[in-house]
Amino acid sequence: MSTNTADAGTAPRAVPHNQMPWSDIRAARTPLDPSPEGSETTLQNNLGQVRSKTCVICLEEVQLAELLVHMPHCRHAYCPECLKKIFQNAMRSESLFPAWCCTQSIPIDKFEYLFTKEFMDGYRDREIEFTSPVRLYCHVRTCSQFIGHLAPPEGRKVTCPRCNSATCLNCKAPHHGGECPEDWSKNLVMAFAAKKGYQQCHECERLVERISGCKII
């Protein structure tokens, strides 16, 4: 009867690892945590410790690095909840739009699986609004739908798709015939801006205050 037991005084024969029983491999493995050696729990924990990574936002350590989301351009890692908050904040504030990391925008299409269809549609609508050279909104205050992208190449009438109201492209008041009426409230704002030294952007007509840098707009 053959046996693998070495005779006295003879060096034991090495067994290739791919021929070792699984139980022997687990017993020979040095544990990375204090769990009982060779247990399934130890195996799972060791895999988690080896592949763990930290979210750059909440600084929470995630045991399985595959659960984190990596940026395609800089490889920074985010947990899904933190990445979703970045996009949600970008939708709420134009100053945070688009969502970015390391000075580059984050392509939301690559992470579409994290969001609902309603959110994706809303984010794309915001992208159209925030990048449009014409910042026109429905004059009905209870509506205020962005309609700048619907501005016609000729004429002043822009119809809101939400409430079907018509807004004048020039004065942003209800659409009307003839010349635009004088807007006294706008005149007061412009007088105040002139007193403070504010300038008006030629593209979007927003008031701009120079804090530092070049004096040319």
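**Exercise 1. Determine what share of the chain's contacts with a separation of 6 or more comes from residues 24 or more positions apart.**

Step 1. A contact means heavy atoms within 4.5 Å.
Step 2. Among contacts with a separation of 6 or more, residues 24 or more positions apart account for 28%.
Step 3. This is a predicted model, in which local features need pLDDT of at least 70, side-chain atom pairs count only at pLDDT 80 or more, and totals for chains, interfaces and linings use all residues. Residues are numbered from 1 along each chain as its sequence is written, and side-chain values use heavy atoms, with hydrogens and water left out.

**Exercise 2. State the confidence of the model, and where pLDDT stays under 50.**

Step 1. The pLDDT is the predictor's confidence in each residue, from 0 to 100.
Step 2. Its average over the chain is 76, and 72% of the residues score at least 70.
Step 3. Residues 1–6 stay under 50, and the model has 2 contacts beyond four places in sequence for them.
Step 4. Residues 14–50 also stay under 50; for these the model has 32 such contacts beyond four places in sequence.

**Exercise 3. Locate Met91 and decide whether Met91 is buried or exposed.**

Step 1. Helices (H or I, at least four residues) and strands (E, at least two) are DSSP runs, numbered from the N terminus. The chain has 5 helices and 10 strands.
Step 2. Met91 belongs to helix α3, residues 80–92.
Step 3. Buried means under 20% relative accessible area, exposed over 50%, and partly exposed in between (1.4 Å probe, protein chains only). Met91 counts as buried because its relative accessibility is 17%.
Step 4. Leaving aside residues up to four places away in sequence, Met91 touches Phe119, Gly122, Tyr123, Arg126 and Phe130.
Step 5. Met91 and Arg126 are 35 residues apart in sequence, while their C-alpha atoms are 6.5 Å apart in space.

**Exercise 4. Describe the surroundings of Ser132.**

Step 1. Ser132 is placed in the loop between α4 (117–131) and β7 (157–159).
Step 2. With a relative accessible area of 13%, Ser132 is therefore buried. Across the chain of 217 residues, 24% count as buried.
Step 3. Beyond residues up to four places away in sequence, Ser132 touches Phe146, Gly148 and His149.
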